[in-house]
Amino acid sequence: MMLIDRLNEKIMACKAPICVGLDPVLEAIPTVYFGGAANAAEAIYAFNKDIIDAVYELVPAVKPQIAFYELFGSAGIACYERTVAYAKSKGLFVITDAKRNDIGNTAKAYAKAHLGKGSPLEADFLTVSPFLGEESLVPFIEVCQEDDKGVFILVRTSNAGNRMVQDAQSPNGRTVSETLAAYINQQACACLGETGYSSIGAVVGATYPHEAEVLRKAMPTSLFLVPGYGAQGGGAADVVPCFNADGLGAVVNSSRGILYSYDNPQCSREEYRASVVAATKAMQQDIYAALRQIYPKMIY
């Protein structure tokens, strides 16, 4: 069974097309995690471990944003590696949010580093920037084929300033986002699973539901990674256009809305884990109910 099919299987089992972002901000982490920690990276690992323990039975995936680990140099990268390994040991899929890319051998190195079998940084999916063109994307797609991995190529991001680039029009009248969607749709067959979806996917933000509806039609088989829900202003109704009528086709991310939903900075680890569980369940119920309302014949 291919990666995309295993992920869809877990989404359906959990009734949760969502993932939890692991974006550790020191100033926002409860103080209990710093007691006895040798350094910031150790505190972050304890924090991440508790989040994973809280959510691994509720969601199919986690999404560490690597910048929050690179901040702490080699200790931070070691923490990232341990976090990825621990998430996998609990049966979670790992989406590395690194937005990597370059050309030639550098692109190949990025692809092998983050997706290659046996790499210490090995994840299941990687976010990829497309703005160096097709030659920069091919190495990532090749690794996906060789090692049964996935990519989410930036198409319509959730930030307000994206229009400067993503809405720019080519001579044929297509926007950059539409051009990228057409390319991804062509490549999707490279990693098409039995469930009818491809792990050659796209980042499509919840903050642009109209554009998401258009892009869903343009990339019917690609898996979408959907940022922008919760803290960035996107609601459950906004993410529905990212899905197909079967209730599949997208994974919605929440980071701040789950990680920092607790009330008391002096809370215990048990209290913190309880807040993560409550926020994750609330997100799952919110999105699942919205999908059920629009797509009553969805398959899970």
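What follows is a short exchange about pockets, a helix pair and a salt bridge in a predicted model.

Visitor: What volume does the largest pocket have?
Guide: Strand E3 (93–100), strand E8 (250–254) and helix H11 (256–259) each supply at least two residues of its lining. By class, that lining has nine nonpolar, 11 polar and five charged residues. The volume of the largest pocket is about 430 Å³.

Visitor: Which residues of the largest pocket are the closest to its centre?
Guide: The lining of the largest pocket holds 25 residues. The closest to the centre are Lys 63, Asp 97, Pro 227, Gln 232 and Asn 253.

Visitor: How far apart are the closest N and O atoms of Asp 97 and Lys 63?
Guide: Side chains of opposite charge can pair when their charged atoms come close. Asp 97 sits in strand E3 and Lys 63 in strand E2 (residues 61–64), so the pair links distant parts of the chain, 34 residues apart. The cut-off for a salt bridge is 4 Å between such atoms. Asp 97 and Lys 63 form a salt bridge, with their closest N and O atoms at 2.8 Å.

Visitor: How many salt bridges does a search of the whole structure find?
Guide: The pair of Asp 97 and Lys 63 is a salt bridge. The search of the whole structure gives a total of 10.

Visitor: Which helix gives the most to the lining of the second largest pocket?
Guide: About 150 Å³ of space lies in this pocket. Its lining includes Phe 131, Glu 134, Leu 137, Val 176 and Tyr 183. Helix H6 (134–147) and helix H8 (176–187) each supply at least two lining residues. With four residues, the one that gives the most is H8.

Visitor: How many charged residues are in the lining of the second largest pocket?
Guide: Sort the lining by class. It has six nonpolar and two polar residues. The number of charged residues is one.

Visitor: At what angle do H5 and H6 pack?
Guide: Two packed helices are described by the angle between their axes and the distance between the axes. For helix H5 (residues 104–115) and H6, the axes are 8 Å apart. H5 passes H6 in a right-handed crossing. The angle is about 35°.

Visitor: Which residues of H6 does H5 meet?
Guide: On the H5 side, Ala 107, Lys 108, Tyr 110, Ala 111, Lys 112 and Leu 115 take part. By class, the contact has eight nonpolar, one polar and four charged residues. The H6 residues are Ser 136, Pro 139, Phe 140, Val 143, Cys 144, Glu 146 and Asp 147.

Definitions and conventions: Residues are numbered from 1 along each chain as its sequence is written. This is a predicted model: local features need pLDDT of at least 70, side-chain atom pairs count only at pLDDT 80 or more; totals for chains, interfaces and linings use all residues. Side-chain values use heavy atoms; hydrogens and water are left out. On a 1 Å grid over the protein atoms alone, a cavity is a set of points where a 1.4 Å probe fits but cannot get out, and a pocket is an open set with protein on both sides within 12 Å along at least five of seven lines; lining residues have an atom within 4 Å of a point. Grid points are joined across faces, edges and corners, and a volume is the space filled by probe spheres set on the points. Ala, Val, Leu, Ile, Met, Phe, Trp, Tyr, Cys and Pro count as nonpolar, Asp, Glu, Lys and Arg as charged, and the others, Gly among them, as polar. Axes are lines fitted to C-alpha atoms, for helices over the stretch in contact, and angles run from 0 to 180 degrees between N-to-C directions. A crossing is left-handed if the near helix is turned anticlockwise from the far one by less than a right angle, and right-handed if clockwise. Contact means heavy atoms within 4.5 Å. A salt bridge is a side-chain nitrogen of Lys or Arg within 4 Å of a carboxyl oxygen of Asp or Glu.
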